[in-house]
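Open the model in your viewer and keep the sequence panel beside it. This tour says what to select at each stop and what is there.

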Amino acid sequence: MSEMKNKQSLDRRGFLKVASLGSAAAAASVAPGIVTPAQAYNPGKEETKGRYRETDHVKAFYRTNSY
Amino acid sequence: MARMKFLCDADRCIECNACVTACKNENEVPWGINRRRVVTINDGKPGERSISMACMHCTDAPCAAVCPVDCFYVTVDKVVLHSKDLCIGCGYCFYACPFGAPQYPKVGNFGSRGKMDKCTFCAGGPEADLSPAEFQKYGSNRLAEGKLPLCAEMCSTKSLLAGDGDIIAKIYKERVVKRGYGSGAWGWKTAYKETVAI
């Protein structure tokens, strides 16, 4: 009876050992794919282009505000 | 290259709040957010002054410096804009900004305030110019239309100036030279007597 109990506990330990090894291996195999260097938001030229133009509308604003 | 700036002539601001209303209407800003506010100092006392405040589009913007997701960017016109797609609503920019410009649609803790909203100098956002998506997220893009921010354009006393920093600084300088400043200004003693000096 005690032998059987011993065997059972060993089996359980064995399972845990294998499981932990397996999960470590899985993490090791996945990790290089997940870890990527952090990158700052790099807006394109279209987003940062200058939109201000000195149109007649804008010139009129400057003219009427200069007094 | 022109550098976009706001300049509020505090001697002319009459605290009508029309700039605030115009901004909300033009950009369809949601309830609870004011991209522009009028701040009054010494309210009700002699020497009271009002100033219209919004994002000042800082040269070295502290909001951009503290953003953990780096969602801010600066255009060639030196307008500080941000991407609402990247913003996580953490609130760091609000604490960093000396003008209290960043606003949030909801009251809540970290991450539950919604996307940050602020003055865009009427220059839209990262979406395509004048697209419905841009309008829905950031409001109108008047700069792309060849205009200036509406708050400044409709200021009745011509207190709020916007546009090329060099030009508006020159306009303000000419005004000060002509009228004097504070208690040295024309009409000051008639309005406030000799007792109030600024």
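Predicted model: local features only at pLDDT ≥ 70, side-chain atom pairs only at ≥ 80, totals over all residues.

Select chain B and colour by secondary structure. Chain B holds seven helices and six strands. Followed from the N terminus, the order of elements in chain B is β-α-β-β-α-β-β-α-α-α-β-α-α.

Now zoom out to see chain B as a whole. Along the principal axes, its C-alpha atoms occupy a box of roughly 55 × 35 × 30 Å. Does the radius of gyration of chain B agree or disagree with that of a compact globule? The two agree, because a compact globule of 198 residues would have a radius of gyration near 16 Å and chain B has 18 Å.

Next, colour chain B by burial. Of its 198 residues, 34% are buried. Then display the contacts in chain B between residues at least 6 apart in sequence: 52% of these join residues at least 24 apart.

Last, show chain A as well and select the contact between the chains. Chain B contributes 25 residues to this contact and chain A contributes 17 residues. On the side of chain B that touches chain A, the elements giving two or more residues are strand S6 (160–164) and helix H6 (165–179) of chain B. Of the elements, H6(B) gives the most to that side, with three residues. Colour the side of chain B that touches chain A by residue class: 15 residues are nonpolar, four are polar and six are charged.

Note on methods:
Residues numbered from 1 in each chain as written. Chains lettered and ligands numbered in written order. Helix = DSSP H or I, 4+ residues; strand = E, 2+ residues; numbered from the N terminus. Rg over C-alpha atoms; globule rule 2.2 N^0.38 Å. Buried ≥ 20, exposed ≤ 12 C-beta atoms within 10 Å, placed from the backbone. Contact = placed C-beta atoms within 7 Å. Nonpolar A, V, L, I, M, F, W, Y, C, P; charged D, E, K, R; others polar.
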